[in-house]
Every structure is written in structure tokens, then in C-alpha cells.
Amino acid sequence: MSSFFLVVSRLVKSDVPSWFQWPPNIDMTLAAGRLNGQVHTFLEIEMTTKNVLTVIGVLLGLQGVGLFGGAEAITTQAFAVWQPDATGIKIGAMLHQAMGVVCLMVAVILFSARNLNPLDGARILMAAAIGLAITTGHGFYNMFTTEVEPPLPLLLLMTVLTVVAVVTAMKAKDGSAEEA
């Protein structure tokens, strides 16, 4: 089977009605094509340092809010195999809330770094990727070596974000080296 994709429309800020809240400085391409006999349509966003810092910052912020707000339920479900009593659930919930606040802190740092020049943003992005790799590695370690059940979709999402962050940071550093 052959596959092809055809760029249908390249969207820029001037193509969008003024009432639509368009994200600033994001170059988007709407593409459609045929892959294995099926028609696919998707929205492609350029992987710039600023865009990746924004996406990871927003997702970590949402994760932080979720961890803080759902700390008790997360503790009860994640450690259900050990049947924690009320004290154990309270301690676990407090630790999950602290983890949620740390996620929010990192989200604010990443979101603030969006306006740095691309090379400095790439450094922050690489540091974030290393942090995500350590955190995600710890989650997989717990999944495979203990009875704790971290959510696999979250671990996979964090893995993808780590790879995207590393690739984007390397691309930005390479681009800066070529310009010099």
C-alpha cells in the first residue's frame, strides 16, 4: 500500500478570524492524506522550544492540579493492595499533594522560560527532559518492582514528552550552532 499526505492549508495568524483566540507565534499546518486506504486529517504544530515548553508546562500544571485535588483517591487506588488505614491514606494524600505542588512549580518555571531566546530555552527544556526521565523512570521502577500501580497512560505520556523535549532541545542547539 502506498501512503501520501497532502498539505491542505497552511494556517497563519492572518488567516484566522479576529474573534478566534489564536495562540501567538505558533505555526500550524492542517494536513490530510491517505494512509493504508484510510483518509486521515490531523493538525501539525511546529516543535519549537517555545511550543514544547508551553505544552509540557500546561500538562504538568494540569497534572499538579489533578494530584493535589485527587490526592486521597489516588492514594487509596494506588496502594489498594496494601489496604492502608485512615492514617496511611492521610499520609499518602499529603505526599501526593506535595507532589502536585512540585508539578505546579515546575510548570510555572517551564511556562516562564518560553520567552527566553531559543538556545537558553533549549537548556531549560533539556533539564526538564532529564527531570521527566528520572520521574518517569521511577514510575516504571515502581510498576515493575512493587505492588504499586502507577497509571500506565500517564507514564507513556511522560515518556513521549521526554522524547519530544530532548529532540526539540537538540534541534534548537544544533540550529544555534549552525548560525554561529
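**View 1. Gln83 in the loop between α2 and α3 of the predicted model.** Gln83 lies in the loop that connects helices α2 and α3. The backbone of Gln83 has a positive phi of about 45°, although this residue is not a glycine. Most residues other than glycine have a negative phi. With a relative accessible area of 68%, the side of the model shown here presents Gln83 as exposed.

**View 2. Helix α3 and the elements that pack against its buried residues.** Helix α3 covers residues 86-112, and its 27 residues should span 39 Å at 1.5 Å a residue, which agrees with the 39 Å between its end C-alpha atoms. The buried residues of α3 are Ile89, Gly92, Ala93, His96, Gly100, Cys103, Ala107 and Leu110, and these pack against α1 (49-69), α2 (71-78) and α4. Leu110, one of these buried residues, touches Leu53, Ile56, Gly57, Leu60, Ile124 and Ala128 when residues up to four places away in sequence are not counted.

**View 3. Helix α1 and its buried residues.** Helix α1 has 21 residues and reaches 30 Å from its first C-alpha to its last, close to the 30 Å expected at 1.5 Å a residue. Buried residues in α1 include Thr49, Asn51, Thr54 and Gln63, together with the glycines Gly57, Gly61 and Gly64. Leu53, Ile56, Gly57 and Leu60 are also buried in α1, and each of these four is touched by Leu110, a buried residue of α3.

**View 4. The largest nonpolar core.** This core holds 18 residues, of which Ile56, Leu60, Leu110, Leu125 and Leu132 touch the most other members. Helices α1, α3, α4 and α5 each supply at least two residues of the core, and α4 gives the most, with 6 residues. In soluble globular proteins, nonpolar side chains tend to be buried together.

**View 5. The salt bridge between Arg123 and Asp120.** A search of the whole structure finds 1 salt bridge, in which the closest N and O atoms of Arg123 and Asp120 are 2.8 Å apart. The two residues are 3 residues apart in helix α4 (residues 118-145), and are therefore separated by about one helical turn. Arg123 counts as partly exposed, at 48% relative accessibility, and Asp120 is likewise partly exposed, with a relative accessible area of 28%.

**View 6. Thr162 and its contacts.** Thr162 has its place in helix α5 (residues 152-179). At 11% relative accessibility Thr162 counts as buried, because this value is under 20%. Leaving aside neighbours within four places in sequence, Thr162 is in contact with Ala129, Leu132, Ala133 and Thr136; among these partners, Leu132 is one of the residues that touch the most other members of the largest nonpolar core.

**View 7. A nonpolar surface patch made by Met47, Val163 and Val167.** Together, Met47, Val163 and Val167 make a nonpolar surface patch of about 230 Å². Val167 counts as partly exposed, at 42% relative accessibility. Although Val167 and Met126 are 41 residues apart in sequence, their C-alpha atoms are 9.0 Å apart in space.

How values were computed: Residues numbered from 1 in each chain as written. Predicted model: local features only at pLDDT ≥ 70, side-chain atom pairs only at ≥ 80, totals over all residues. Heavy atoms only, no water. Salt bridge = Lys/Arg side-chain N within 4 Å of Asp/Glu carboxyl O. Helix = DSSP H or I, 4+ residues; strand = E, 2+ residues; numbered from the N terminus. Buried < 20%, exposed > 50% of the residue type's maximum accessible area, 1.4 Å probe, protein only. Expected span 1.5 Å × (residues − 1). Contact = heavy atoms within 4.5 Å. Core = buried A, V, L, I, M, F, W, Y, C linked by side-chain atoms within 4.5 Å. Patch = residues over 30% accessible without salt bridge, like charges linked within 9 Å, V, L, I, M, F, W, Y side chains within 5 Å. Areas by Shrake-Rupley, 256 points an atom, 1.4 Å probe, with all protein chains shown as cover.
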